[in-house]
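Here is a short briefing on aromatic contacts. Please look over the structure first, then read on.

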Amino acid sequence: MEFAFPIPDHLPRAAQPRQADISTSILTALSEASPINLAQTNDWVQQLNEAINQTELAIHNRIHQDLEAFERQTDTSRSIQRRFTALTSNIGRLHTELEDAETGSIPRITQALREHFDVAQRALDSTTTSTSLQYLQKCKQTHGNVVKLTTAGELPAAVLASTELQALVEACPSPLRESLVVLDLQHVARSSRDNVLEQLSGVYHSCLLLKNSKLSIQHRYKRLSLSDILASIPSQTLVTDLATLRKDIIAQFIRPALSIDAPSIFASSTILELQPSRSSSPFKSVLEVFSFLREQLVPHLPELHRKSFVTSFYPPLCDAVEAHLLNAMPRGIDGLPTYLDLVLEAINLEVKIVEMGFFGGMERRIHQWGVQVQSHYEKRRRTQLLEEVRTIILSDSNPPVRIEIETPSVVREETHPAQEANGSNAEDEEGNWDFDDDDSSAQEPSENISKQEDNREEDTETAEGDGWGFDDDDDVPTPAEGKDSKGEGHDPWGVEWDDMPVEKTEPSSRDTAAEKRMDPSSSHPQSAHTPNSAPNVAKRFEQESYFVSHVATAVSSITKQILEEGLRLSGSSVFKERGFTASHPAILLSTAPSALDLFRGLYPTGRLSGNSESLAPRLQYSNDCKYLAEVSEKLRATYTNIHQSDADALNVRFEEVTQRLEMTNVSWLEDTMDEEAQALLSRLAEIGGFDDLGHNSRYEEAHGKIRQIKNRITIFSQELKSSLAISIYNQNLGMLIDRVLDRVLQDVFALDDISEIVSERIATICRTLHPLEALFPEIENVSTVASYASLWLKFTYLSDILEGSLADISSWFDSGLLIDYEPQELCRLVRALFADTPHRAAFISRILNH
């Protein structure tokens with residue numbers, strides 16, 4: 001069988017089939033035969049004989065194929081068998097010679113070695129026992145010496161003996177280390193040493209007794225000198241004891257001597273004592289302490305510890321002196337001469353301390369501190385003043401204070417409307433959409449009915465019949481009738497005109513409010529101006545007032561005092577007169593703006609954290625920032641005028657603080673107004689626009705929401721007016737009302753179709769907000785609401801447009817009275833209010849073309 005490719009050699013081959021064995025075949029046939037006969041038996045025997053003959057023949061043939069090799073291998077096998085037999089015999093004899101229990105060599109050698117080992121072990125045990133006994137004898141003698149010296153009071157020698165005993169125990173031979181006697185000896189040695197050190201410590205404290213601010217030094221204790229006692233104390237223990245002594249001396253003598261009470265210190269030959277009588281000079285008392293230590297203690301100290309002990313006093317001494325100088329620092333320039341004399345005494349103390357050897361630094365700290373005494377004074381005063389400001393901010397509970405300021409005020413002047421109609425002012429020309437109509441008798445929109453207008457209406461010869469511009473032939477009704485009958489006798493969405501009405505008409509009781517539109521600066525919708533005059537605006541300065549917290553006034557007062565103190569220090573020569581370095585007091589002067597900055601940062605967290613939702617505290621904080629910004633600017637100007645050469649850095653600092661305070665004032669006020677505006681707009685959004693106002697339920701809901709908005713604005717204005725200056729109050733209230741009016745206007749402009757009843761109801765809803773003009777001041781009986789709420793006139797005209805006829809709106813447009821409306825806005829209102837007629841289309845086209 002051939003393959004397309006050669007089979008690799010490493011792959012396994014199929015096993016060759018094995019030929020069945022003849023004996024197996026015969027046994028198989030024998031087991032299957034039943035019964036067995038003679039022929040079968042003979043046959044099987046013959047097969048076996050043939051198989052035996054074939055096997056013998058095969059063996060014979062295989063041998064004779066290489067007979068020489070067969071014979072050689074046969075001889076080799078027989079030779080190996082003979083040698084193996086001889087080797088076995090020899091090994092048996094050798095084993096008998098080595099391992100025989102009686103005559104063998106190995107048993108005899110092993111016995112000899114065992115006997116030698118026993119002898120060597122007994123010799124070693126005897127040597128070790130002898131050495132250990134001798135060592136223990138030495139330890140015993142040393143311990144007896146320790147006990148003897150301790151009993152005799154020879155503590156220095158006992159310390160040496162106990163140290164020797166401790167060393168012997170620690171270096172004991174290895175055979176003794178785990179023995180019970182050595183463990184007991186270690187305990188005895190430790191107890192003996194502790195006993196000696198305890199007695200030595202008692203002697204030390206008897207010689208150096210410090211208790212209740214009284215230090216007693218005894219140079220001898222019985223037969224022991226102080227030097228020997230100190231030398232006998234272990235090094236580490238002596239370091240600890242001396243450190244404790246130093247801390248006690250600092251705490252019980254030096255710091256009390258430099259305290260406010262400044263008790264005196266009495267020193268004798270062996271006693272140093274703090275006395276209650278007041279010292280004339282605290283530094284003189286401190287010098288007594290070091291003189292006593294140098295004479296009575298330092299000479300007896302071991303040489304190894306003497307230098308470290310005396311130099312360890314310098315750092316805590318400097319700390320205590322500096323703390324005393326800081327605490328004694330005056331709270332004003334008047335106390336500086338006396339204070340500088342005290343600093344000179346501290347420097348002289350340092351000089352004497354150094355001469356005594358109590359100095360271990362690279363530089364003299366007190367001298368360096370004195371060189372910078374002005375800087376330390378300024379930093380200390382800065383800390384004191386800012387802490388005073390912080391205390392006032394957090395704890396002052398006095399009532400607010402009224403502050404008077406000057407602000408520009410609006411003044412109204414009468415001007416002839418022809419001046420505005422002729423475009424004497426460029427802004428008025430642009431504001432009137434460039435209209436220059438000749439019809440001076442156009443109708444004007446109205447807002448409401450007053451008794452004065454009713455009286456004037458009785459004398460008119462002609463009047464509108466129905467407020468929509470139709471039914472001119474009807475009898476002239478009274479003002480009330482004209483308002484109530486509006487829209488009842490005609491269909492304003494279905495009338496077709498031949499021509500636009502151009503006849504002259506007198507203003508009805510509903511139209512007198514629009515007279516003020518002849519002057520864009522006029523703001524009172526109910527003003528009594530005649531068509532022949534219009535108000536103009538001028539400015540003058542008036543006194544205003546607003547409340548600031550007592551905290552702000554106190555901070556302002558402290559800031560002024562800081563600046564005055566800094567200027568006094570700048571012109572003083574008190575430092576130079578006493579040999580100190582004098583410089584410009586920049587640190588003290590910079591404290592003035594820092595005090596204002598501290599108020600700005602701390603007041604909200606310290607005073608407003610629990611009143612974040614209340615209006616009055618937030619407005620109060622805004623007022624405070626405004627007031628302090630003015631104070632900061634005035635202080636900057638004052639400093640610049642006095643110290644022009646050095647004013648740059650402080651000018652920048654004051655300007656930064658002024659800007660931050662002004663920014664805080666504006667941001668807090670804006671945030672407050674924005675939150676209130678969002679609340680009003682949210683309430684207004686609940687109305688959901690002015691759709692479906694034809695349903696009474698929707699109308700009542702919308703009307704109620706608007707009344708709530710009007711009431712909330714009124715309440716909010718009272719809180720606003722009680723806190724802010726009148727000018728700021730007017731501006732912010734005007735912007736707040738503008739946002740509400742803008743939303744109302746946008747909701748009205750969004751209507752695609754306004755029915756007659758819906759227009760009347762929207763007009764009524766809008767008039768609900770008209771009383772808000774009373775929240776603004778009046779000038780010559782004219783409200784200034786339009787000066788602060790830019791959408792007010794636009795909003796008040798909306799009611800007249802909603803209730804007016806197409807002829808009225810066209811007439812007002814031609815007269816330039818609807819200047820506040822964008823053309824697209826006015827067109828959208830006309831499309832929503834009136835049916836699609838040629839007159840409406842012509843009017844819309846005229847609006848868009850202009």
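Is Trp668 buried, partly exposed or exposed? Trp668 is partly exposed, because its relative accessible area of 23% falls between the 20% limit for buried and the 50% limit for exposed. The model is a predicted one. Its aromatic pairs come to a count of 13.

**Tyr621 and Trp668**
- Among these pairs is that of Tyr621 with Trp668, which is edge-to-face.
- Tyr621 counts as buried, because its relative accessibility is 1% and the limit is under 20%.

**Phe776 and Tyr788**
- Phe776 and Tyr788 make a stacked pair. Centre to centre, the two rings are 6.0 Å apart, with 10° between the planes.
- Phe776 sits in the loop between helix 27 (756-767) and strand 9 (778-779). Tyr788 is in helix 28 (residues 785-788). The pair links distant parts of the chain, 12 residues apart.
- Phe776 is buried, at a relative accessible area of 4%.

**A ring cluster**
- Phe290, Phe309, Phe313 and Phe358 form a cluster linked by ring pairs.

**Charges over rings**
- Arg761 lies over the face of Tyr699, 4.8 Å from the ring centre.
- Lys794 places its charged end over the ring of Tyr821, at 5.5 Å from the centre of that ring.

Key:
Residues are numbered from 1 along each chain as its sequence is written. This is a predicted model: local features need pLDDT of at least 70, side-chain atom pairs count only at pLDDT 80 or more; totals for chains, interfaces and linings use all residues. Side-chain values use heavy atoms; hydrogens and water are left out. Rings of Phe, Tyr and Trp (its six-membered ring) pair if their centres lie within 6.5 Å; planes under 30 degrees apart count as stacked, over 60 as edge-to-face and the rest as tilted. Buried means under 20% relative accessible area, exposed over 50%, partly exposed in between (1.4 Å probe, protein chains only). Helices (H or I, at least four residues) and strands (E, at least two) are DSSP runs, numbered from the N terminus. A charge sits over a ring if NZ of Lys or CZ of Arg is within 6 Å of the ring centre and within 35 degrees of the ring normal.
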